[in-house]
Every structure is written in structure tokens, then in C-alpha cells.
Amino acid sequence: KMKKVLLFGIFLFFQYGFSQTILDKNDAIFKGVKIENLQDPKFDYINNAKISWDFSTLDLSNKNVSIEVVTIYDCFNGENASDFKETIQVLNKENFVKKGSRDLIHIELMAKCFKWRLVLVENNQTKVSDWSYFSFLK
């Protein structure tokens, strides 16, 4: 019984110890990201994704912006999915450009769907957008 209490305590510490606030969907940074369907050249029933961003008009000094994509096995759960294949940093501080895009191809990712979010770190405070869901299947 003590183990359960201890594990729960550790869980709470990680939930609140590394606090994140929600990045508003009306934030200019969030509005700078869009996702489009790209028809797969081989399969009629597949849409690939193109995720693009344009932060060229924004002042990003002292800000780190990243876009996380998580490929999912349990697609029927949508953005509440918890069975993940991998996390891809589409954009992060190592590969950061103010304007760009990346194609996410169904066959390359070997997944039927993914979820993505925006992460903004400013003055050591992390803000994350809500997860958005994308299915490769039409």
C-alpha cells in the first residue's frame, strides 16, 4: 500500500513540479502553424500531412518554439490516445527556422494517425497548446 502512495506522490510531483500552462489557440504563435491534407500518390484512401509554420512577423527573442508530433497506435482514441509509437520534433531549437514546412508521409511514419502540439518556452516557463489530431485515413 505504501508503494502506491509513494508512486502517486511522485506522479503528482511531476505533474506540478514541471508546470505547463496552456498556449491559447488565439496566440499569434499558434496561428502561425497550419496543417494540410496531401493526397497520397499511391493510395486513394490516404491523406498525407503537410505541417507548415510562419513566424517571420513575430518577435521570438528569448523564446524557444517547437512542434511535437506523436505517432499513435490507438487511433480510435483521437487526441486522448496513449499508445504511442514515437515522438518527432518537427521543429525545435536545434533545427529552428522562422518559416518552413515538413511533409509527414503515412508510409514513412508507419502509423495511421498522429497528434501534434506547439511548445513555447519563454523565461523558463513552458506553454503547450492542446493536442490536435490528424488521421492519414480518409
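D103 sits partly exposed, its relative accessible area coming to 36% (partly exposed is the range between buried, under 20% relative accessible area, and exposed, over 50%, with a 1.4 Å probe and protein chains only). The model is a predicted one, where local features need pLDDT of at least 70, side-chain atom pairs count only at pLDDT 80 or more, and totals for chains, interfaces and linings use all residues. Residues are numbered from 1 along each chain as its sequence is written, and side-chain values use heavy atoms, with hydrogens and water left out.

Searching the whole structure turns up three salt bridges, each being a side-chain nitrogen of Lys or Arg within 4 Å of a carboxyl oxygen of Asp or Glu. One of them pairs D103 with K50, at 3.5 Å from N to O. Since D103 belongs to strand 6 (residues 99-104) and K50 to strand 3 (residues 47-54), the contact ties together parts 53 residues apart in sequence; strands here are DSSP runs (E, at least two residues), numbered from the N terminus. K50 is partly exposed too, at 24%.

Next up is the bridge between D54 and K99, at 3.6 Å from N to O. With D54 in strand 3 and K99 in strand 6, this pair links parts that are 45 residues apart in sequence. D54 is partly exposed at 31% relative accessible area, whereas K99 counts as exposed at 59%.

Then there is E68 with R117, whose side chains meet at 2.9 Å, N to O. E68 lies in strand 4 (residues 63-72) and R117 in strand 7 (residues 113-122), so parts 49 residues apart in sequence are tied together. E68 is buried, with a relative accessible area of 15%, and R117 also counts as buried, at 15%.

How values were computed: Helices (H or I, at least four residues) and strands (E, at least two) are DSSP runs, numbered from the N terminus.
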